[in-house]
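Hi,

Here's the structure I said I'd pass on to you. Have a look at it first, and then read my notes below.

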Amino acid sequence: MLRVVARSRKDAKAARAALDKFMGGWGIEVESLGGPRGGALEEAILEEARPFTVFLMGREDLGPDSIESLESQLPPFSEVAVVKGSRVRNVRIETIYASLNSARARLRLRTHWSGSTFILSRQPGAVEVEHLPYSPQGDSFFVYGRGSKVLGMFMQRSVGGAALLFKMYGGKHLVYAGPRPLGELVIDNSKPLPQGKLYRGVKPVRVGLETLVEANRSILAMLEHHSVGVLKRAGEDVDTVIVPWSGGKDSTAALLVAVEAFGREAVRAVYVDTGIDFIENAEYVEKVASSLGVDLVYAKADVDDGLLIEGMPMPDPEYRWCTGRKLDALRRAFQTLSSGKTIIVTGDRDGESEKRGRRPPLRHDEKLGYPVASPLKLWSGGHVQLYILSKGIPLNPLYEAGFYRIGCYLASPSGAGR
């Protein structure tokens, strides 16, 4: 999933200790450059630089000028992490982990501006968009189509084409329609509507989805190659691949990567029918499954019976009894579909929540009873959206209508297209 490279063997040993404690089970490689210093260290970093690599250094190893020089030459999905100490080996493992976690967020969220569009990683000659919030719990995603028009209403200014939003904290999002933030959008569930704040002196640039996809094809190809590799490490001899599929963007991208890794014949997509789903969502999964030639299996969760016949209360954040029924439906489907060596492929991403960010990409789920692979851990929401479109698959129409999570109509919040 990731490769961590330290300057010396002792620093690499310290990094290994931090990863074993905080990221055990991630399968992260730790290497040493052999101890070079000065210009030789910079040369060694550039020689070893490749995607999905974090170079872990101390303040004594690299100064600000050296870091700036390296940042301009590193390939996509590679980062330099400098701990708050002179040497990596001399700081606490908690400090090492914090530096690596921040680098992981930058790797996922780093965004450049080239000409008139966004590049969702590094690109030579492009400029980094300003004031990016690289939070370990942060995420980015595009608002487009009708969602852009709604966003313009909240911002009190038209954004023209697709806008890129960066999720921060407390429902706050930075809104970009160019290399500088256009303003802020706060989505507070206690209020009826999102609140927009426009920054002065920033003119939006019209960004088209087709242009975004074309500009990011090489970036998306790197992500796909990396994620297919994650799935291959789960086992070359897999007989059955099951993808729990909500119709949302993350599970749709996970389905596409699973097909790329194992072929459509081995893949089964499981859609949990709660009985209270949006018709548009059911139609979407049917059309996409047919387009991909993937077997679509329905698992009945009977949430509608719980509400209408059994007298169950309306689900809320404190009592989500419906979730238990969905999981039970999935387990039954897994047991029916499992044949030979079976793995479950999910769309879990680091940017969704702190809990999901802690889960390793390959694990055994005791509740489900099967090995689970999550190949999208290092993807942003924007990566997911563009990847789906790059495969000729449309995004779920509910997103453009303003929903940011796809599920039944009792559990699908809306707000500016997220």
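Let's start with His-226, which counts as buried because its relative accessibility is 13% (buried means under 20% relative accessible area, exposed over 50%, and partly exposed in between, using a 1.4 Å probe and protein chains only). Before going on, a word on where this comes from: it's a predicted model, so local features need pLDDT of at least 70 and side-chain atom pairs count only at pLDDT 80 or more, while totals for chains, interfaces and linings use all residues. Residues are numbered from 1 along each chain as its sequence is written, and side-chain values use heavy atoms, with hydrogens and water left out.

Back to His-226. You'll find His-226 in helix α7 (residues 217-233); helices (H or I, at least four residues) and strands (E, at least two) are DSSP runs, numbered from the N terminus. What does His-226 contact, leaving aside its neighbours within four places in sequence? The list is Met-1, Phe-52 and Leu-378, where contact means heavy atoms within 4.5 Å. With Met-1, a polar atom of the His-226 side chain sits 2.8 Å from the backbone oxygen.

Now the salt bridges. A salt bridge here is a side-chain nitrogen of Lys or Arg within 4 Å of a carboxyl oxygen of Asp or Glu, and by this rule the count is 30. Here are some to click on:

- Arg-3 and Glu-31 form one, with their closest N and O atoms 3.2 Å apart. Arg-3 is in strand β1 (residues 3-6) and Glu-31 in strand β2 (residues 29-32), so this pair ties together parts that are 28 residues apart in sequence. Arg-3 is buried, at a relative accessible area of 4%, whereas Glu-31 counts as partly exposed at 26%.
- Asp-350 and Arg-104 meet in another, at 2.9 Å from N to O. This one links distant parts of the chain, 246 residues apart: Asp-350 is in the loop between β16 (342-345) and α12 (354-358), and Arg-104 is in helix α4 (residues 93-109). Both Asp-350 and Arg-104 are buried.
- Glu-260 and Lys-391 also pair up, at 3.6 Å from N to O. Glu-260 belongs to helix α8 (residues 249-262) and Lys-391 to the loop between α13 (381-390) and α14 (397-400), so parts 131 residues apart in sequence are tied together. Glu-260 is partly exposed, with a relative accessible area of 43%, and Lys-391 is partly exposed too, at 36%.

There's also a network of salt bridges linking Glu-71, Glu-79, Arg-106, Arg-110, Arg-122 and Glu-128.

Next, a sheet. In what order do the four strands of the open sheet come? They run β2-β1-β3-β4, with parallel pairing; two strands pair if DSSP finds at least two bridges between them. β2 and β4 (78-82) stand at the edges with a single partner strand each, so one side of each has no neighbour in the sheet. From one strand to the next, the twist averages 25°. Between β1 and the parallel strand β3 (residues 53-57) there are four bridges, and Val-5 stands opposite Phe-55 in β3.

Two helices lie across these strands. Helix α4 lies across β1, β3 and β4, at about 150° to β4. For these angles, axes are lines fitted to C-alpha atoms (for helices, over the stretch in contact), and angles run from 0 to 180 degrees between N-to-C directions.

Cheers

Note on methods: Polar contact = N/O pair within 3.5 Å; in protein donor to acceptor, adjacent residues only side chain to side chain.
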